[in-house]
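This briefing is meant for someone meeting the structure for the first time. Please look over the sequence and the model before reading the points that follow.

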Amino acid sequence: MKKSSIKGSLLLFLAAFIWGVAFVAQSVAMDHMGAFTFNGIRSLLGGIVLLPLVAGRVRKAKETVRTDEERKKAIRTTLTGGVCCGLALCCASMFQQIGIGYTSVANAGFITALYMLIVPILGLLFHKRVRVVVWGGVGLAVAGMYFLCIGDTFTINRGDLLVLICAVIFAVHILVIDYFSPKADGVMLSCIQFFVTGIICTVCAFLFETPDWHGIVSGWLPIAYAGIMSCGVAYTLQIVGQKDVEPTIASMILSLESAISALAGWVILGQKLSLKQAGGCVLVFAAIMLVQLPERQKAK
């Protein structure tokens, strides 16, 4: 495996770890405010945190880009990519949040994680080759997610279908990043993504919720973690890390957030983790290790 791929995988794992712990912050924040309010504020905060880095990137770009035409092309690509990523992220979050209102959190967690299976299927439409060992890893990871998220019964309802749409859009989000990350600056791409998501969610918050300043102040700590770490840091790590990692493997590494969230809930909130759920975590980790194995070169 190339050093760049190893570095990208580590960045994606760090992003998954931050997101996994963020589930605890989101759970606490929901006691103080609505979902759209929370998503809007944390996305805007994530974009604001990245503005100083963006300013430095802009100055550096002016020094490296030689012609005005190249500069204009780079700006168009970055803006287009940021808007596309932001729209995908916003739509996925909305479908997930609405779907959770009609189904269990366990079902929602499992169905959302199916994006790691949807990514290689969609990738086939764009002629992206997927190794046999990766398909095996995907199957193993899906089984692990089932043990981790699903109890004794599993039924399909309207909420599950909405969350399935969310999983498809998350898969599109990963493929969009895969397309734009080599062509645009990752930090700028991430910053634009957050402002697009934040503006749309904030508008929805005023339309469908009643934002309360007291509740926002009371939930400042989970908002700060979700905005600075989950948005500003983790999503930027995803965009940078995906430059050197194929989309299917990237989606599997990112799906570790479900296993990490279960472990974080056990450690931080004292939530029980059954033997079945622990086994699911082991299967997911094993699947990630499996797909990291180097591809055997064919004999000439």
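In this predicted model, His173, Ile174 and Ile177 of helix 7 are in contact with Tyr235, Gln238 and Ile239 of helix 10. The residues that form this contact comprise four nonpolar and two polar ones, with no charged residue among them.

**Helix 7 and helix 10**
- Helix 7 covers residues 158-180 and helix 10 covers residues 220-241, and the two pack with their axes 9 Å apart and at an angle of about 60°.
- Because of that angle, helix 7 is described as oblique to helix 10.

**Helix 5 and helix 11**
- The axes of helix 5 and helix 11, the latter spanning residues 247-254, come within 8 Å and cross at roughly 175°, and the two helices are therefore roughly antiparallel to each other.
- On the helix 5 side the contact involves Tyr115, Met116, Val119 and Pro120, which meet Pro247, Thr248, Ser251, Met252 and Leu254 of helix 11.
- Sorted by class, the residues of this contact are seven nonpolar and two polar, and again none is charged.
- Within helix 5, which runs over residues 115-125, the buried residues are Tyr115, Met116, Ile118, Val119, Pro120, Leu122 and Gly123.
- After helix 5 comes histidine 127, which has a positive phi near 60°.

**Threonine 78**
- Threonine 78 lies in helix 3, which spans residues 68-100, and it counts as buried because its relative accessibility is 9%, where the cut-off for buried is under 20%.
- The side chain of threonine 78 comes to 2.8 Å from the backbone oxygen of alanine 74.
- When neighbours within four places in sequence are set aside, the contacts of threonine 78 are with Ala184, Asp185, Met188, Leu189 and Ile192.

**The chain as a whole**
- Among the contacts in the protein chain with a separation of 6 or more, 92% are made by residues 24 or more positions apart.

Conventions
Residues are numbered from 1 along each chain as its sequence is written. This is a predicted model: local features need pLDDT of at least 70, side-chain atom pairs count only at pLDDT 80 or more; totals for chains, interfaces and linings use all residues. Side-chain values use heavy atoms; hydrogens and water are left out. Contact means heavy atoms within 4.5 Å. Helices (H or I, at least four residues) and strands (E, at least two) are DSSP runs, numbered from the N terminus. Buried means under 20% relative accessible area, exposed over 50%, partly exposed in between (1.4 Å probe, protein chains only). A polar contact is a pair of N or O atoms within 3.5 Å; within protein, one must be able to donate a hydrogen and the other to accept it, and residues adjacent in sequence count only if both atoms are side-chain atoms. Axes are lines fitted to C-alpha atoms, for helices over the stretch in contact, and angles run from 0 to 180 degrees between N-to-C directions. Angles under 35 degrees count as roughly parallel, over 145 as roughly antiparallel, 65 to 115 as roughly perpendicular and the rest as oblique. Ala, Val, Leu, Ile, Met, Phe, Trp, Tyr, Cys and Pro count as nonpolar, Asp, Glu, Lys and Arg as charged, and the others, Gly among them, as polar.
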